Structures are given as structure tokens and as C-alpha cells.
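Here are my notes on this entry, arranged as numbered points so that each can be checked against the coordinates.

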Amino acid sequence: MNLPEQGAVARKKDEFVTEFAGTESEKMDHTLEQPIESLAEKIVEVRREISKAIVGQGEVVEGVLVALLAGGHVLLEGVPGLGKTMLVRTLAKAVALKYSRIQFTPDLMPADVIGTAIIQENGDGRKSLDFQPGPIFANLLLADEINRATPKTQSALLEAMQENQVTVARATHVLEEPFFVMATQNPLEMEGTYPLPEAQLDRFLLKLRVPFPSREELHEILDRTTQGEGEVVRHVLNGPQILAIRRMVRMVPVAPHVQDYAVRLVLATHPEGKENSLAAKYIRYGSSPRGAQTLILGGKVRALLEGRFNVSSEDVRALLLPALRHRIILNFEAHADGRAPDDLLQEIMGTIRSN
Amino acid sequence: MSGPPNGHPILEKSGPKDGRYPEELRGLIAEATFVRRRVQANRYLAYWLASWNWILGTLILAAAFSHHMRGAAILAAICGAISALASFVLARRKGPSFYAAAYQLDAAAGLQDRLSTTVHLAATAETNWMVLHQRRDALARLKQVNAHELFPLQMPPNARRTAAIALVALGFFAYRIKYGPPVLTLIQKTAETHLVSAVISPLARLIENGPLNVLDRQPKLDVLDEEAAAAGAPTQDEKTNPSPPVGQPDGENPNGAGQQNSPGLSPTDSKDSQHATQAQNQTQSNGNLSPDSQQQNQENSTSDQNSQKGASDGKTPSGNQAQANGPGSNGGQQSLGQKLMQALKDMMGSMTGQDASQSPSQPSQETQGPSAPGQGGQSAESAAKGGQQGTLSNDPAKNAPEKSGQHSGAGNGTQPLSAKQPGQDAAQQNSSNLVPERVQLDASDYRVQTRPREMVGPGNAEVPLTNASALGSATTNGAEQENIPLRYRQYVQRYFDQGQK
């Protein structure tokens with residue numbers, strides 16, 4: 001017990017015992033089990049609470065949880081009426097976080113998002129500029145229909161999403177942890193939309209497509225929403241617990257060949273690379289290194305959600321589409337041939353697998 | 001298998017520094033060791049069978065060609081033993097590491113990289129509570145895995161091919177117990193038959209008339225033209241259009257036409273024509289010879305004529321003709337095709353048991369009597385030398401009928417000469433055979449024509465101001481869109497369709 005590594009293990013043990021078990025007198029073997037089992041139970045409870053309000057959409061819910069526990073942000077894309085906003089509101093209730101919502105419109109200004117300094121008069125009659133924080137100062141921010149605002153307003157989120165802080169009038173204000181942005185957008189073909197810039201898109205850990213519900217799910221939606229009242233969603237997870245899980249996620253080990261698999265996948269999306277000729281034909285810009293980070297970090301969360309303690313190649317494959325579909329830019333050839341990013345990524349994944 | 005392929009450097013990581021894994025991983029290392037040995041054994045079998053493919057193939061060739069089968073069998077056994085040893089060393093050297101073995105066990109058992117991650121973490125000596133969790137999870141899953149079922153000792157995929165080759169080799173051995181090498185026997189039997197000559201004669205004909213010979217002949221004709229022009233002799237164009245014969249012969253003997261049409265014909269030349277006729281008669285009467293040998297006889301008789309001319313009348317153009325047409329008359333500068341053809345002729349002559357230099361001479365001796373014996377005994381090489389000694393004649397009117405008579409008698413060219421053909425046609429045909437590639441141009445003075453030069457100077461340009469507007473029809477009927485590719489039109493159509501939605 002006098003080795004430094006074991007001391008570090010003991011400190012981790014105490015930290016997780018404090019977060020999950022609440023006691024400090026348990027033995028090490030028991031505390032090793034405790035955080036993991038608590039995590040699994042908490043995640044199952046969150047899923048159960050979300051399923052009270054959301055019918056189906058299992059992959060979307062899992063993707064949102066992966067992004068939340070990995071410390072990233074998520075972009076939901078789908079036509080109106082599929083429950084995107086409902087999902088975010090339900091998640092906010094289940095995790096007991098401070099929640100705010102911004103409805104993006106074409107006349108929305110950056111000050112409406114991050115806040116502004118206004119003149120206030122104190123009791124002495126003296127006036128001063130006081131910063132009034134905007135709706136971005138929350139733990140869980142819903143940017144609804146983000147592509148309806150102008151790029152100027154969209155870029156107001158850049159600093160907040162990457163560095164968890166905003167700067168107004170040369171004053172930097174740190175956002176409270178955890179800070180999680182869930183943005184929804186309609187497909188770009190809809191009228192009155194502004195496509196998100198590439199730098200803004202790259203800030204999102206995952207881009208999830210919200211599919212239309214199936215026939216059975218649609219029946220279930222009608223039964224729930226047209227009869228009686230909806231169920232009440234309970235708080236099952238709080239902010240400190242989410243931060244503890246985020247730290248634990250980063251400890252999940254990755255084998256070298258799994259990491260190499262993720263790297264090869266990302267490199268295969270680059271047209272100048274020799275990995276894949278498909279990218280050279282249809283892709284103008286490949287994925288950024290954030291794509292590889294997403295594959296590994298999201299894979300760690302997914303492994304923990306499945307009760308594993310190591311990242312596997314299947315985790316990387318499962319996250320390939322939501323992690324890279326918004327990080328590759330297609331060229332005109334791809335648009336002319338009607339190729340979508342998902343199709344290309346599937347083909348690239350098949351090519352790399354056959355090595 | 002989504003990871004790197006077997007043998008990837010990232011899988012060949014070294015183990016712990018002290019070479020010892022943690023004690024609790026003993027079961028995992030044992031399983032990985034078993035997988036490693038099975039992989040090595042399967043690789044060993046694959047390598048060894050692959051080497052046996054080569055050994056058996058070589059043994060089959062030896063059985064087909066060689067008389068010494070005992071030595072070949074002993075050598076094959078030695079090679080088999082050496083290949084077994086080499087395959088063992090190679091399989092052991094290329095054996096997977098513990099990490100790679102665990103990776104293969106993961107993939108086979110569907111353990112989602114649990115074991116390989118554990119082996120990697122044990123090798124890096126990284127320990128924290130998450131690593132301990134991961135190790136415990138992997139060992140718990142390992143108990144449910146039966147590596148013996150997942151990694152059986154399996155035959156390599158090329159085992160059937162090796163078995164087939166071994167059966168063929170055994171069949172050859174059984175055959176060789178009673179018989180000799182089959183391929184050698186087959187070659188000997190084939191060489192004794194006329195099959196070889198039947199196969200090679202079209203090839204020889206092709207080489208003789210092929211483009212190689214034509215290309216080889218063309219520059220010589222040009223040189224002849226220049227020399228003849230310098231000496232005042234008629235050019236090749238003139239030779240291709242010889243003067244028509246003065247008197248029309250009976251038509252029974254086409255060679256006689258050449259004699260009658262040449263007023264200044266020497267006795268030697270008439271003798272040549274007779275000799276050529278006799279040679280033709282000899283080749284026609286020699287029915288048991290192959291067509292190729294007949295052609296050879298004709299060409300040899302032609303060589304005899306040329307050599308005779310070169311010996312008797314050195315100023316006749318027969319020497320030039322031999323340069324133009326004869327294969328061995330180009331002053332030692334034979335082309336590759338000619339050399340090959342000569343080699344084929346020699347080979348065929350040796351196989352059929354006939355001497356190429358003697359076969360045309362014997363019939364000519366029988367038919368011609370006293371005038372021919374000394375000349376017919378000359379070989380083709382001596383004829384070529386005689387052709388080289390000949391020089392250009394200064395009498396063009398005399399040379400043309402001589403050449404036509406010689407070619408008609410010798411049967412030079414690809415078309416056989418018939419007795420019913422008129423003498424004039426034969427003369428024209430033979431004369432056209434000299435330069436079949438030359439075509440006279442109708443307009444050859446194009447270099448003399450000058451291009452009229454236009455003078456350009458300062459002035460006033462008048463631009464029509466009327467009818468300067470664009471045509472309305474070009475923009476109304478959409479004809480200019482027909483040049484837009486279909487895929488771009490579909491793209492624009494899809495873009496507007498989606499905008500309307």
C-alpha cells in the first residue's frame with residue numbers, strides 16, 4: 001500500500017466512494033465495484049426516465065448520453081415534430097441540471113445568447129455597467145433550430161462550446177460545469193436556414209439523425225399524448241456525479257490496435273491520403289483530429305454503458321457515423337452523384353475492415 | 001476482423017521488460033501460448049505443403065525428361081527434409097506474439113478486445129483500479145472460452161492442390177517403372193514424322209513474304225534506283241513498267257516469251273532460261289516432296305541461275321537481281337528474317353534426309369545433259385557469291401527481258417507459274433513482283449508549287465452594323481442546354497426540386 005500508484009488508486013477510490021457510495025470505510029475491492037455498479041444503475045435509471053417521455057429513438061438517446069458523459073455537445077438533426085426538443089427537456093429533468101432554451105431566429109443577436117452589459121443605478125444614484133448573463137449560462141443549453149440564426153449569432157457559441165467561457169466587453173466569464181449544448185436543426189434543404197460553418201460543426205462531438213418513428217412507436221406516441229397526463233420524470237443524476245463519471249470515462253484503457261483502427265478510419269477520410277481512393281473522389285476535406293478523439297472518447301463511454309472496461313473495435317465502428325458525418329466536406333462530384341456522407345463513411349469502413 | 005491484419009507491427013509489441021507476466025494472468029498466458037502454437041503449427045503446415053508443391057512439380061518434370069529417376073527421388077526427399085526444417089524455422093520466427101495471439105482469440109471468441117487489452121496492459125505494467133477491473137472482467141470471460149475448439153489444427157487451403165500434384169507424381173513414377181521419359185519419347189516420335197515440317201513450313205513462308213522481308217528490301221531498291229540513275233540505267237519505276245513485248249509468243253512456254261522479246265539475248269541467258277524451266281519441271285515431277293521442299297528446290301534453282309550468270313556474264317544485272325531478291329546475296333548483310341528462313345530450310349532439309357544443295361541438281365543433270373552438271377552442283381551460298389560478283393549492266397533494254405525470263409523460270413515469288421499462262425502476263429507479273437510496294441504518285445511536283453503571299457497593310461476595316469443582334473431562337477428553344485451533361489442537369493433539377501419542397 002506504500003506504492004505511489006496504489007496511493008493514486010486509493011485517492012480515486014475515495015473520490016468515487018464519496019460520489020456514489022457516500023462512505024469512506026469500505027474495503028478496496030468493494031469500492032472497485034461500487035462506482036461501476038453505481039454508474040450502470042444510474043445510466044439505466046436515466047434511460048428509464050427518458051423513456052417515460054420519449055418513445056423509441058434508442059440510438060438517439062444513447063448518443064445523447066455518450067455526448068453528455070464524454071463532455072461533448074450534440075447536434076440533433078431532423079424534421080420538426082420528431083421530439084428533439086422533448087428529448088432535451090426530458091434529459092434536463094432526469095439529470096437535475098440548470099436548463100435553458102434559446103429559440104434561434106434570423107434576428108437573434110449574439111448578445112441575446114451570451115448576455116450584455118447594461119447600465120444600472122445603485123442606491124447612491126451612481127450608474128455602472130453590470131453584466132447580465134444570457135441564457136448560455138446554464139448546465140444544459142438547448143439551441144433550438146440553430147441553423148435559423150445568422151452565422152454571426154451561431155459563432156457566438158464557439159468560445160462557449162470549446163472553452164466553456166464567454167467574453168463580453170473584455171471580461172471573460174467561465175461557464176458552470178457541466179456545460180452541455182444540445183442543438184437541433186432542420187435539414188438544410190428547408191427554406192430560411194443558414195448552414196452551420198465548419199468550425200461550428202466541428203465543435204459538436206456527435207451529430208445524430210432523428211429518424212421518423214415506426215408504426216408501433218407512432219401508436220405508442222398517440223396513446224401517451226392523447227390519453228390522460230404524461231408521466232413525471234424524476235431526477236436520478238446530478239451535476240457532480242456527471243463530472244465524476246466524466247473523469248472515470250477517461251480512465252478506460254484502449255488497446256493499441258483499437259486506437260490504430262480509429263486513426264486509420266480518420267485518415268481514410270482524407271482525399272490526399274493513400275488509404276482510400278473513395279475519399280479522393282468524393283471528399284473535399286477529411287475529418288479533423290477531433291474526429292479521432294471522438295471515436296476513442298465516445299468508445300470509452302459506450303464501453304462503460306455496456307459494462308465493459310476496455311474500448312473495442314465495435315465501439316469505434318458504432319460511433320463512426322455520428323462522429324464523422326459532420327466532419328467531412330463533400331466535393332461537387334459527390335453532390336452531383338447524390339452521395340451522402342453516411343454512404344461514403346460506410347464504404348470507407350468496409351474498406352478498412354477488409355485490410 | 002476489424003483490427004490490423006495478422007503480422008501488423010502494432011500487434012507484435014514486446015511483452016514485459018522482465019519477460020514475466022503477472023501471476024494472475026497465468027491462465028490467459030497459457031491460452032495465448034496454446035493459440036500461438038496452433039497458429040505456428042498451421043503456418044508450418046501451410047509452408048511445408050507449399051514447398052512440396054514445388055518439389056513435386058520439379059519431380060514431375062524430372063520424370064518427364066530425365067532418365068535418372070532414382071537420383072531425382074533422392075534429391076526430392078532431401079529437399080522435402082530441408083523444406084520441413086525451413087518451414088519450422090520460418091513458422092516459429094513468424095509466430096504471433098502473446099498480444100497478437102490474444103487478439104486472435106478475442107476475434108474468434110467475440111470477446112470485444114478484452115484479452116488483448118489485458119495482455120497489453122500487463123506488458124505496460126499500468127495498474128489502476130480501472131485496469132484491475134478490466135483484468136478481472138477479461139479473466140471472467142476467458143473461463144467461458146474453449147480455445148481448443150476455436151483453434152483446431154487445420155489443413156491448409158492448398159492441401160487439395162498438393163494432393164493432386166502428388167497423385168500426378170505417383171502416376172508418373174508408376175509409368176516410369178516400365179517406360180522411359182514420356183516427353184523425350186514424344187519429341188523423338190514427332191521429329192520422325194512430317195508433322196514438324198507441316199507446322200514449320202507456313203511459318204517459313206510467312207517470314208519469307210512478311211513485312212520484315214519487305215522492310216528489309218525497300219532501302220536496297222532505293223539504293224539501286226540511285227545507282228542506276230547515276231549510271232544512266234532505268235530506275236525502278238521504269239522497271240515496274242517494262243516495255244511491251246514486240247512479238248507475241250505461242251503461249252506454250254512462258255519462258256520462251258522472255259527469250260523472243262529480248263533481241264540481244266546472249267546464249268548464256270537462253271541457257272539460263274532453259275535451266276530454269278528444267279528446274280521447274282523437276283519440282284513439279286517430284287511429287288513425293290513436301291511443298292516446302294518444292295519451294296526450296298525452286299529457290300535453289302534460282303540461286304543456280306544467278307551463280308551461273310555471275311560466273312559467265314559478270315555484267316548482266318542478275319547480280320543486282322540476286323541482291324534484290326536472293327536471301328544470301330546482300331554482301332553478308334542478311335536480315336534476321338532471312339537468316340531464320342535459311343536456318344529453317346536447313347533444319348527441314350536435315351529432317352527429311354535430303355540435302356538442300358543436291359536435290360535440285362540431280363534432276364537438272366538428268367534432263368539438261370551436258371550443259372548443266374557443273375553448274376547444278378553449286379550450293380545456294382556459292383550462288384549468292386556469284387550474285388555478289390555481278391555488276392550493273394549499261395543496257396536497260398537488255399536487262400528487263402532477262403530478269404523476267406529468269407523469274408519465270410525460277411518461280412520466284414509466291415505464285416506458282418502455270419504453263420497455260422500467257423508469256424506477257426507472266427512477264428508483267430514477274431516484273432511487278434520486283435517492287436510491289438512502289439506506287440507512282442500522280443502529283444510529285446508539290447514542292448515546286450509556291451504559296452501566294454498576301455500583303456498586309458494599314459487600312460480601314462468596315463464592320464457591318466446591321467443584323468448584329470442575337471438570334472431570338474437560340475434563347476427560346478433551349479437548344480444550348482443540350483450540351484450540358486445529364487448528371488449536371490439532374491443535379492440542378494434535384495436542387496430546385498428540393499427547394500420547392
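1. In which loop is the place of A:Ser214? The residue sits in the loop between strand 9 and helix 9 (215–226) of chain A. This, like everything below, is read from a predicted model. With a relative accessibility of 33%, A:Ser214 counts as partly exposed. Its C-alpha lies 9.7 Å from that of A:Gln57, although 157 residues separate A:Ser214 and A:Gln57 in sequence.

2. The sheet of chain A deserves a paragraph of its own. It is an open sheet of 5 strands in the order 2-5-8-1-9, and the pairing is parallel. Strand 2 (99–103) and strand 9 (206–209) of chain A are the edge strands, each of which pairs on one side only. When direction is ignored, neighbouring strands of this sheet are turned by 20 degrees against each other on average.

3. Strand 8 (residues 180–185) of chain A has 6 of its 6 residues buried, so this strand is largely enclosed by the rest of the structure. In a regular strand the side chains alternate between the two faces of the sheet. For strand 8 of chain A both faces are covered, with A:Phe180, A:Met182 and A:Thr184 buried on one side and A:Val181, A:Ala183 and A:Gln185 buried on the other.

4. The pairing of strand 8 of chain A can be followed residue by residue. Strand 1 (residues 74–77) of chain A runs parallel to strand 8 of chain A and is joined to it by 4 bridges, with A:Leu76 standing opposite A:Thr184. Strand 5 (residues 140–144) of chain A also pairs with strand 8 of chain A in the parallel sense, over 4 bridges. Here A:Ala143 stands opposite A:Ala183, while A:Leu142 has A:Met182 as its bridge partner.

5. Helix 3 (residues 58–70) of chain A lies across strand 1, strand 8 and strand 9 of chain A, and it runs at about 165 degrees to strand 9 of chain A. Helix 4 (residues 84–95) of chain A packs on the sheet and touches strand 1, strand 2, strand 5 and strand 8 of chain A, its direction making about 170 degrees with that of strand 5 of chain A.

6. Is A:Thr85 buried or exposed? Its relative accessible area is 17%, and A:Thr85 is therefore buried, the cut-off being under 20%. If its neighbours within four places in sequence are left aside, A:Thr85 is in contact with A:Arg101, A:Leu142 and A:Asp144.

7. Strand 6 and strand 7 of chain A form a hairpin with 2 residues between them, and A:Ala169 in the turn has a positive phi of about 50 degrees. Strand 6 (residues 165–168) and strand 7 (residues 171–174) of chain A run antiparallel and are joined by 4 bridges, with A:Thr167 and A:Thr172 as bridge partners. Strand 6 of chain A has a covered face, formed by A:Val166 and A:Val168, and an uncovered one, formed by A:Gln165 and A:Thr167.

8. The axes of helix 11 (residues 256–267) and helix 13 (residues 289–305) of chain A come within 9 Å and cross at roughly 145 degrees, and the crossing is right-handed. A:Gln259, A:Ala262 and A:Val266 of helix 11 of chain A meet A:Gly291, A:Ala292, A:Leu295 and A:Ile296 of helix 13 of chain A. By class, this contact has 5 nonpolar, 2 polar and no charged residues.

9. Chain B has 23 helices and 0 strands. Of its 501 residues, 38% are buried, and among contacts in chain B with a separation of 6 or more, 77% come from residues 24 or more positions apart.

10. In chain B, the axes of helix 4 (residues 114–124) and helix 5 (residues 129–142) come within 9 Å and cross at roughly 135 degrees; these helices of chain B are therefore oblique to each other. Their crossing is left-handed. Among the residues making the contact are B:Leu115 and B:Leu121 of helix 4 of chain B and B:Val131 and B:Asp137 of helix 5 of chain B. The residues of this contact divide into 6 nonpolar, 3 polar and 4 charged.

Terms used. Residues are numbered from 1 along each chain as its sequence is written. Chains are lettered from A and ligands numbered from 1 in the order in which they are written. This is a predicted model: local features need pLDDT of at least 70, side-chain atom pairs count only at pLDDT 80 or more; totals for chains, interfaces and linings use all residues. Side-chain values use heavy atoms; hydrogens and water are left out. Axes are lines fitted to C-alpha atoms, for helices over the stretch in contact, and angles run from 0 to 180 degrees between N-to-C directions. A crossing is left-handed if the near helix is turned anticlockwise from the far one by less than a right angle, and right-handed if clockwise. Contact means heavy atoms within 4.5 Å. Ala, Val, Leu, Ile, Met, Phe, Trp, Tyr, Cys and Pro count as nonpolar, Asp, Glu, Lys and Arg as charged, and the others, Gly among them, as polar. Angles under 35 degrees count as roughly parallel, over 145 as roughly antiparallel, 65 to 115 as roughly perpendicular and the rest as oblique. Buried means under 20% relative accessible area, exposed over 50%, partly exposed in between (1.4 Å probe, protein chains only). Two strands pair if DSSP finds at least two bridges between them.
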